[in-house]
Amino acid sequence: MNLSKVISKLSPLVGNLIEFNTVEFLNQQNEFTEFGKWHRQDPGFPDTIFLGIVQPTPGLELKAWFPLATEITARFKDSQNHFRFDQTYVAILAWLPDKIIYGKPRILDVCVVSGL
């Protein structure tokens, strides 16, 4: 019973794992190599940016959301500079453990929207 009350506290850990894997996946795509490289900069904002010749610097803010929780938190401090030219997108990944209150994280759905 107690585990079901705190399972949503795993969202930051799941989010960090998703950030690492996203950067690794994006850097394996040949389409990006001649223009630059994706870089994880958490705790900076946004979580992932594209360092290279593309200006303004594109970015992704990744949020892992546990839908059975009552809230989703996001930090958008200094966001005005990162959204001004529509260069930062927010990806919200809804997840649950595969056994509802325990098990491996399972992504239920993904929503990607412009931060602007």
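On the surface, Leu3, Val6, Leu68, Ile100, Ile101 and Tyr102 make up a nonpolar patch, and their accessible area together is about 570 Å². The model is predicted. It has 4 helices and 5 strands.

**Surface**
- Leu68 has a relative accessible area of 56% and counts as exposed, because the cut-off for exposed is over 50%.
- The protein as a whole exposes about 7,600 Å², and 59% of that comes from carbon and sulfur atoms.

**Overall layout**
- The order of elements along the sequence is α-α-α-β-β-β-α-β-β.
- The protein has 116 residues, of which 32% are buried.
- Taking contacts between residues at least 6 apart in sequence, 46% join residues at least 24 apart.

- In soluble globular proteins, nonpolar side chains tend to be buried together.
- The largest nonpolar core here has 15 residues, and those touching the most other members are Val14, Trp38, Leu60, Phe66 and Trp95.
- At least two residues of this core come from each of helix 2 (11-27), strand 3 and strand 4 (88-97).
- Leaving aside residues up to four places away in sequence, Phe66 touches Ile7, Ser8, Ser11, Trp95, Leu96 and Pro97.

**Aromatic pairs**
- A pair of aromatic rings is described by the distance of the centres and the angle of the planes.
- The whole structure contains 4 aromatic pairs.
- One of them joins Phe32 and Trp38 in an edge-to-face arrangement, with 5.6 Å centre to centre and 90° between the planes.
- Phe32 is partly exposed, at 26% relative accessibility, whereas Trp38 is buried, at 11%.
- Phe32 also pairs with Phe50: the ring centres are 5.7 Å apart and the planes are at 55°, so this pair is tilted.
- Because Phe32 lies in helix 3 (residues 30-33) and Phe50 in strand 2 (residues 48-52), the pair ties together parts that are 18 residues apart in sequence.
- Phe50 is buried, at 3% relative accessibility.
- Through ring pairs, Phe32, Trp38 and Phe50 are linked into a cluster.

Conventions. Residues numbered from 1 in each chain as written. Predicted model: local features only at pLDDT ≥ 70, side-chain atom pairs only at ≥ 80, totals over all residues. Heavy atoms only, no water. Buried < 20%, exposed > 50% of the residue type's maximum accessible area, 1.4 Å probe, protein only. Contact = heavy atoms within 4.5 Å. Areas by Shrake-Rupley, 256 points an atom, 1.4 Å probe, with all protein chains shown as cover. Patch = residues over 30% accessible without salt bridge, like charges linked within 9 Å, V, L, I, M, F, W, Y side chains within 5 Å. Salt bridge = Lys/Arg side-chain N within 4 Å of Asp/Glu carboxyl O. Core = buried A, V, L, I, M, F, W, Y, C linked by side-chain atoms within 4.5 Å. Phe/Tyr/Trp six-rings, centres within 6.5 Å; stacked < 30°, edge-to-face > 60°.
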